[in-house]
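Please read this briefing alongside the sequence and the 3D view. It is meant for a reader new to the structure.

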Amino acid sequence: MSRGRQATPVKLAKKEQEELLSLIERKTAAQRDVMRARIALWAHEGHSNTVIARELDVSVQTVCLWRKRIAKHGAQGIREGERSGRPPRITHEARLQLIALACETQEPEGRVTPTLDEIVARAVERGVVGQISRSQVQRILQSCPHRVQQWLHSPDPAFREKVNGICKLYRKAPRNAVVLSIDEKDRHSGHRTQVPGTRACAGAAASS
């Protein structure tokens with residue numbers, strides 16, 4: 001037994017130990033679950049919180065927290081308990097569907113993406129949410145890392161297929177092939193080319 005500060009004793013049944021060992025050996029197991037299983041087994045062997053924290057490269061507070069849960073609930077103590085508080089009004093799935101609505105093209109109206117009011121109307125009409133305000137939609141779209149520049153959208157019906165083909169070429173290039181990527185000039189670079197003597201902006205190479 002390792003010496004150290006007196007810690008909460010943990011006693012696991014043989015079956016619980018076997019379950020935890022099986023979890024640790026499982027390649028698809030989440031790393032957080034593996035870490036908690038190791039805490040449980042080492043605590044069962046009598047190691048101190050300090051030793052366990054050092055060996056697993058986690059804080060002593062983390063070891064103390066899970067050690068107490070495991071001492072109280074056994075091997076099941078490594079599972080996350082239900083969190084207190086009111087459940088979110090708009091689910092994660094609904095948020096993703098709202099983002100998808102925001103990315104729908106508006107070719108008949110001559111716009112690239114729908115307005116907030118249109119997103120609200122479609123979300124309710126399609127049953128994504130029972131009700132939602134314009135400001136809620138705006139906050140969801142601003143807080144999610146889905147936003148893209150408008151030039152990424154295209155009226156070409158085969159745009160997605162073409163993009164997938166290009167991405168596949170980068171991911172799985174033919175054997176002995178050389179894949180080159182050439183950026184087109186942005187509007188400022190084009191302007192500098194048309195107007196000799198214009199100085200290049202900071203961070204941008206001068207046009208020849």
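This is a predicted model: local features need pLDDT of at least 70, side-chain atom pairs count only at pLDDT 80 or more; totals for chains, interfaces and linings use all residues.

Residues are numbered from 1 along each chain as its sequence is written, and side-chain values use heavy atoms, with hydrogens and water left out.

**Helix H7**
- Helix H7 spans residues 134-143, and its buried residues include Gln 136, Val 137, Ile 140 and Leu 141; buried means under 20% relative accessible area, exposed over 50%, and partly exposed in between (1.4 Å probe, protein chains only).
- These residues lie on the same side of H7 because they cover an arc of only 130° around the axis, taken from the directions from the helix axis to the C-beta atoms.
- Exposed Arg 139 and Ser 143 sit on the face of H7 turned away from its buried side.
- Helix H5 (92-102) and helix H6 (116-125) are among what covers the buried residues of H7.
- Helices are DSSP runs (H or I, at least four residues), numbered from the N terminus.

**Tyr 170**
- Tyr 170 belongs to helix H8 (residues 159-171).
- Tyr 170 counts as partly exposed because its relative accessibility is 45%.

**Asn 49**
- Asn 49 is part of helix H3 (residues 49-56).
- With 12% relative accessibility, Asn 49 counts as buried.
- Apart from neighbours within four places in sequence, Asn 49 is in contact (heavy atoms within 4.5 Å) with Ala 7, Val 60, Val 63, Cys 64 and Arg 67.

Note on methods. Helices (H or I, at least four residues) and strands (E, at least two) are DSSP runs, numbered from the N terminus.
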